[in-house]
Amino acid sequence: MKKLSEGRKMFLSVMVIFVIYAIIFILFEDYDRNFLMPFEETSDWHLLLFSLVVMAALGVLLHRYSLRMDERINQEHINKETQMRRELTQNISHELKTPVTSILGYTETILEHPEMDDSTQRQFIERTQSQAHRLSSLLQDISMLNRMDYASEMITMGRVDVSSIVSDIIKETALAAGAKHMTVYNHLPEIIITNGNNSLIYSIFRNLMDNAINYAGEGKTIAISAFEQDDKWYFSFSDNGVGIPVEHMSRVFERFYRVDKGRSRSLGGTGLGLAIVKNAVMLHGGTIIAQAPTNGGLCFKFSLKK
């Protein structure tokens, strides 16, 4: 069934109200509501006819206004979407430029200096590989976001064991967390089952984990908890690290937005991790917010439908 536009909703609402008014106040002449009596005088029929003409004229005017209203809303939506795509294209070009330039620079240096000693050449090759990995990660993240934006109906849903996914992620990131002397507290129930996409739910928790490990700081803690209510699971993913300045909090889910651009790139981030988290949460019928706890750090609270 086609969804009604805002203009059409307004038009139908006003017309329904007017029709109800006509039935109650025009069809019956007992305005004190003591009893209902069909009117008998000719003047009353004239009043009814006049009311119907007024209603028809009002309907035409409202219909024209609703069409103009829909056109204006659609145009504003198109303009906003065009601006967002333009900014996204510029950001993608900028983010791709850095690793590509580095790869070209290192490979050209190796080719132009065949006399280069083995250790220096190996160092350049390792840097090239590192930039290639970053480029690959960036392209994968862009592809995932495009899939959620434009082909969400093709994403398969099924039974997902969230507790098992989080447990696997903690094991996968144990070395990285250990290198920064970080402790992860997993307070999730033993079994959390949702209907969702396994890959996207994995991306939610993996991106949050990587974000905390990369930016929270040395010797910090990460805590993951959840509770069940109605038809949703509510999750909390927090750390007691350096946190994010308040002025940046409202923009943390924007694509390619970085609080510290230089530090983010040096750590290999693509700038799309939290955008993927938000889109994946919304795709699973949930919501997500970022908060700054009073004791410091950063906390993400989100929900997933069962």
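S238 sits in strand β5, which covers residues 232–239. Please keep in mind that this is a predicted model. Is S238 buried or exposed? Its relative accessibility is 19%, and the cut-off for buried is under 20%, so S238 counts as buried. Leaving aside residues up to four places away in sequence, S238 touches T221, I222 and A223, and also L298 and C299.

Next, strand β7, residues 298–305, and its partner. β7 pairs with β6 in the antiparallel sense, over four bridges. One of the pairings is A290 with F300, the latter in β7. The two strands make a hairpin, with six residues between them. In that turn, G296 has a positive phi of about 95 degrees. As for the faces of β6, residues 288–291, I288 and A290 are on the covered one, while I289 and Q291 are on the uncovered one.

Last, a helix pair. Helix α3 is residues 118–150 and helix α9 is residues 273–283. Their axes are 10 Å apart, and the packing angle is about 25 degrees. Angles under 35 degrees count as roughly parallel, and therefore that is how α3 and α9 run relative to each other. The crossing of the two helices is left-handed.

Which residues of α3 and α9 meet? On the α3 side they are D141, M144, L145, M148 and D149; on the α9 side, A275, I276, N279, A280 and L283. By type, the residues of this contact are seven nonpolar, one polar and two charged.

That's what I had; questions are welcome.

Methods. Residues numbered from 1 in each chain as written. Predicted model: local features only at pLDDT ≥ 70, side-chain atom pairs only at ≥ 80, totals over all residues. Heavy atoms only, no water. Axes fitted to C-alpha atoms, helices over the stretch in contact; angles between N-to-C directions. Parallel < 35°, antiparallel > 145°, perpendicular 65-115°, else oblique. Left-handed = near helix turned anticlockwise from the far one by under 90°. Contact = heavy atoms within 4.5 Å. Nonpolar A, V, L, I, M, F, W, Y, C, P; charged D, E, K, R; others polar. Buried < 20%, exposed > 50% of the residue type's maximum accessible area, 1.4 Å probe, protein only. Pairing = 2+ DSSP bridges.
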